[in-house]
Amino acid sequence: MKRRRILATVAMLAAGTGLVACSSDEGGSDASNCTNTITKQNVPVVTMWGWYPNTQLVVDNFNKQHDDVQVCWTNVGQGSDEYDKFQTAISAGTGAPDVIMVEADRIPTFQIQGALVDIKQYGFDAVKANYGEGAWKDVSVGDKVYGVPVDGGPVAMIYRKDIFDKYKITPPKTWAEYEQAAQKVKDAGGPLFGDLGANVSALTMALQIQKGASPFTYDPAQPKAIGVKLNDQASKDVLDYWGGLAKKGLVGTQDQFTPEYISGVINGNYATYISAAWAPGYLTGAGVGKGQDTGKFAVAPLPQWDPANPVQVNWGGSAFSVTKQAKKPELAAKVAYGLYADKESLTDGWTNQIIFPLNLTALKDPAFVDLKVAFFNGQQANKEVYLPAAEAYKGVAYAPFGQYYLDAMTKQVSEIIKGSVTGSQAADRLQEDVAKYAKEQGFTVQ
């Protein structure tokens, strides 16, 4: 499941304000209507689409701090709704904003169409140090940069401390220990240890990458060639591992982010929840940790395959990209670099929204580092778990047809859950499916 769906309800609140007139159209596309009010007149305007709940505050902060450019923000919908409108504008050659919020894994989809600008030429060196290596990798295609990181999702293991205490379980440091602990709890008549959800393909991909998989390799210098490697041994090992846990009845097979799954989390039907740093905010919003389960959650680092060579992974993340339709791309890049870059906006983001910021101004803020997270009963989760994971994350090369791949993964994991295929067989079928699709799109598969 995409994190944009998780944010859907709160994001709609940000779109509730009325439209008002903007000033000039010097900065980009149609700036005749804005969700925000622009108070500084007769300066260039950069249009921007975005959906975050606190975008209003972020835009207002930027506009207050700049006399040479103003941002005209419009919420045209979240995730797929926005992408559909952007795709229409790409096809028409007009109608796109100057700056657009996109999820990192969608950047190659638009980049290959020539719809995004390489912003490396517009002040990248001045802001490069504000983000880590993995953050920049996720918004890059080859050696070119097509977005400014906003947030991410370092993956960890949320767990029920009450269940661990009851069955005398300590947080497993390896996946072998995870399975052993799951078996111990089951043998003692306890709950499921975790969940294999078919609808969290991006997480499944991340877990395969942790094992050593490299699903895609793509070089924009050879735009019609792509490496597709979905049935290597690492990918098969991970699918076999989780399929085996499910077959043994050690983990559930419920789609995640459903009322049934959340009810199970609240009721203690699962001992662990493998998810990203934004999960505590999502779970809190869904009612977890507010009733009978208050104070019962903790978080530990993601179990490793080889603890001597730990690998950290990410699930989710967005960026601000400059579109090819921007009339003044350098000015648009200034906006992309400047949004969500001031301390007030960043602080509001991690204190009031369900995001994990990637700007090092926030990540190095003692208030963020030392935060005692209420959801985790006062545990300093950032310092102990999420920050080390974010710092060690190296980034991923995404495919230009990432959504097809994730949908295809969902189908194959569903078959694993049904018991009709093994994890290895599912990986082979996935390779065949996605490679065929890539060829149909005109790629040479390597």
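Domain bounds here come from an automatic or database domain assignment. With those bounds, domain 1 (2-146 + 318-354) and domain 2 (155-314 + 396-445) both give residues to the lining of the largest pocket, so that pocket lies between them. This is a predicted model, where local features need pLDDT of at least 70 and side-chain atom pairs count only at pLDDT 80 or more, while totals for chains, interfaces and linings use all residues. Residues are numbered from 1 along each chain as its sequence is written, and side-chain values use heavy atoms, leaving out hydrogens and water.

**Largest pocket**
- Its volume comes to about 470 Å³ (the space filled by probe spheres set on grid points joined across faces, edges and corners).
- A pocket is an open set of points on a 1 Å grid over the protein atoms alone, where a 1.4 Å probe fits, with protein on both sides within 12 Å along at least five of seven lines; lining residues have an atom within 4 Å of a point.
- There are 21 lining residues, and Pro280, Gly281, Trp350, Gln353 and Val373 sit nearest the centre.
- Helix 13 (279-285), helix 15 (343-352) and helix 18 (381-392) are the elements giving two or more residues (helices are DSSP runs of H or I, at least four residues; strands are runs of E, at least two; both are numbered from the N terminus).
- Helix 13 has the largest share, 4 residues.

**Second largest pocket**
- This one has a volume of about 320 Å³.
- Its lining counts 26 residues, with Gly132, Ala135, Leu358, Leu363 and Ala390 nearest the centre.
- Strand 6 (148-160) is among the elements supplying at least two residues, and it gives the most, 5.
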